[in-house]
Amino acid sequence: MTTKYNPIPNELFVKNRAKFVKAMKPRSLAIFNSNDIYPISSDSTLPFAQHRDIFYLSGVDQEESVLLIFPDAYDPKYKEVLFVRETNDHIAVWEGEKLSKSQATEVSGIKTVLWLQDLPNVLRKLMVEAENVYVNKNEHYRVTEAPQVETREDRFVKQLKIDYPGHTYLRSNPILQRLRSVKEPEEIQLIQHACDITEKGFRRILNFVKPGVWEYEIEAELVHEFIRNRSKGFAYTPIIASGNNANVLHYIQNNQECKDGDLILFDVAAEYANYSSDMSRTIPVNGKYTARQREIYDAVLRCKKEAENLLVPGNNWYKYHEEMGKIYTSELLGLGLIDKADVQNEDPNWPAYKKYMMHGTSHHMGLDTHDYGLLTDDFVAGMVFTNEPGFYLPAEGFGIRLEDDYVIQKEGKPFNLMQNIPLEAEEIENLMNK
């Protein structure tokens with residue numbers, strides 16, 4: 001089975017499993033499921049997107065796959081087992097090639113590959129030996145309410161607890177939150193590749209944007225460039241927000257005409273091999289910032305440069321954002337958008353600067369755009385964060401956000417994976433007016 005992206009050497013997934021095994025309790029078994037293919041209506045489905053955890057641990061990018069890890073299995077061949085959907089000529093004709101057992105081994109580095117129909121019998125045998133079972137639930141901090149859709153993983157865990165009520169059930173997510181937050185060099189290369197594809201898309205639209213184009217036409221230019229570079233497309237739903245649309249933080253309609261004198265706020269980026277990039281830029285429709293637009297743009301850019309000094313080992317997400325709040329306050333005072341009385345009388349839970357900058361400056365990024373990572377953990381080398389300050393001025397009809405992706409280094413400033421993507425106002429104007 002071939003993927004749109006180039007094959008990833010299985011050494012990455014071998015390393016990832018070894019790290020997970022090291023964190024497991026003795027006599028424990030862990031199980032991970034692929035995502036479902038979700039129906040729309042009739043015989044239509046959404047495009048398949050693999051569950052990032054099973055991909056992280058196996059590299060398998062196919063539906064109806066199950067990974068089982070049992071380091072203390074008596075029979076060595078069951079220390080790690082990958083179950084994949086059995087293929088046949090009919091499936092090959094109607095759906096396309098699926099992984100053979102040998103291909104699954106090649107992708108994952110797992111020697112024992114069985115058909116999915118063998119899972120119940122193998123599981124029954126191994127559950128006799130196991131005392132604990134690690135099950136995988138979504139515990140990301142952005143999940144604020146119970147999901148409306150029951151996943152394949154949810155159904156599996158529910159049935160497992162009915163069939164094997166006497167075992168102790170443990171959580172794999174806290175282990176994965178820590179492991180996935182620190183990237184291996186191969187992962188950073190994949191994220192860099194996604195960022196490089198994003199750069200190509202952005203440079204393409206700098207030559208395309210002019211008064212009278214529509215937001216969706218720009219979206220089409222971007223996705224064209226992404227897909228022709230072996231990306232599946234956007235890493236997340238794209239935001240192409242001209243004029244006052246920029247003041248809607250998650251504006252995704254992308255259906256308005258771009259007018260002379262307006263700015264366009266982009267929050268768009270490519271994925272590659274399931275790894276995300278995440279970029280924001282704000283450009284003038286006519287190729288020239290007004291004096292006021294430039295004043296705000298430069299203030300946001302200064303905030304972004306200040307943030308770089310804080311994305312260092314030993315800092316953490318909470319302290320970092322507290323410090324960024326002081327930087328925003330200082331810039332907004334300088335711009336005259338808030339005054340000293342606003343600051344003195346501010347609500348500590350919603351400081352004065354939040355009127356113009358209401359979202360976080362950074363989040364973990366990797367296999368998910370808002371990736372795994374415990375916010376209470378200190379920053380360490382290998383973590384990847386966005387850096388995305390913005391000021392939003394509905395009364396003036398525009399908002400500005402600038403965003404790049406950074407890798408925390410052992411010492412000193414973080415490495416900017418998007419350092420080659422035009423950012424300075426003069427460079428953007430020069431490229432747009434070539």
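Helix 8 and helix 9 cross in a right-handed way; a crossing is called right-handed if the near helix is turned clockwise from the far one by less than a right angle, and left-handed if anticlockwise. The model you are looking at is predicted, so local features need pLDDT of at least 70 and side-chain atom pairs count only at pLDDT 80 or more, while totals for chains, interfaces and linings use all residues. Residues are numbered from 1 along each chain as its sequence is written, and side-chain values use heavy atoms, with hydrogens and water left out.

Let us stay with this pair of helices. Helix 8 covers residues 185–206, and its packing angle with helix 9 is about 140°, with the axes 9 Å apart. Here an axis is a line fitted to C-alpha atoms, for helices over the stretch in contact, and angles run from 0 to 180 degrees between N-to-C directions. The two helices are therefore oblique to each other, since angles under 35 degrees count as roughly parallel, over 145 as roughly antiparallel, 65 to 115 as roughly perpendicular and the rest as oblique. Where do they meet? On helix 8 the residues include Ile197, Phe202 and Ile205, and on helix 9 they include Ile218, Leu222 and Phe226. The residues of this contact divide into 6 nonpolar, 3 polar and 4 charged. In this grouping, Ala, Val, Leu, Ile, Met, Phe, Trp, Tyr, Cys and Pro are nonpolar, Asp, Glu, Lys and Arg are charged, and the others, Gly among them, are polar.

Helix 9 (residues 215–227) also leads us to a sheet, as it lies across strand 9 and strand 10 and runs at about 145° to strand 9; contact means heavy atoms within 4.5 Å. This open sheet has 3 strands in the order 9-10-13, with antiparallel pairing. Two strands pair if DSSP finds at least two bridges between them. Strand 9 (239–242) and strand 13 (280–284) are the edges, each pairing on one side only. On average, neighbouring strands here are turned by 15° against each other, direction ignored. Strand 10 (residues 263–267) joins strand 13 over 5 bridges in the antiparallel sense, and Asp267 stands opposite Ser280 in strand 13.

Another open sheet has 6 strands in the order 6-5-4-1-7-8, and its pairing is mixed. Its edge strands are strand 6 (112–115) and strand 8 (168–171). Neighbouring strands of this sheet are turned by 25° on average, direction ignored. Helix 4 (residues 101–108) packs on the sheet, touching strand 5 and strand 6, and its direction makes about 135° with that of strand 6. Within the sheet, strand 4 (residues 66–69) and strand 5 (residues 80–84) pair in the antiparallel sense over 4 bridges, with Val66 opposite Phe83 in strand 5.

Now for another helix pair. Helix 10 (residues 291–308) and helix 11 (residues 317–335) pack at about 155°, with their axes 10 Å apart, and are therefore roughly antiparallel. Their crossing is right-handed. The contact divides into 9 nonpolar, no polar and 5 charged residues.

Finally, step back to the whole protein, which has 13 helices and 18 strands. Helices (H or I, at least four residues) and strands (E, at least two) are DSSP runs, numbered from the N terminus. The C-alpha trace spans about 70 × 50 × 40 Å along its principal axes. Because a compact globule of 434 residues would have a radius of gyration near 22 Å, the 24 Å of this protein agrees; the radius is taken over C-alpha atoms, and the globule rule is 2.2 Å times the number of residues to the power 0.38.
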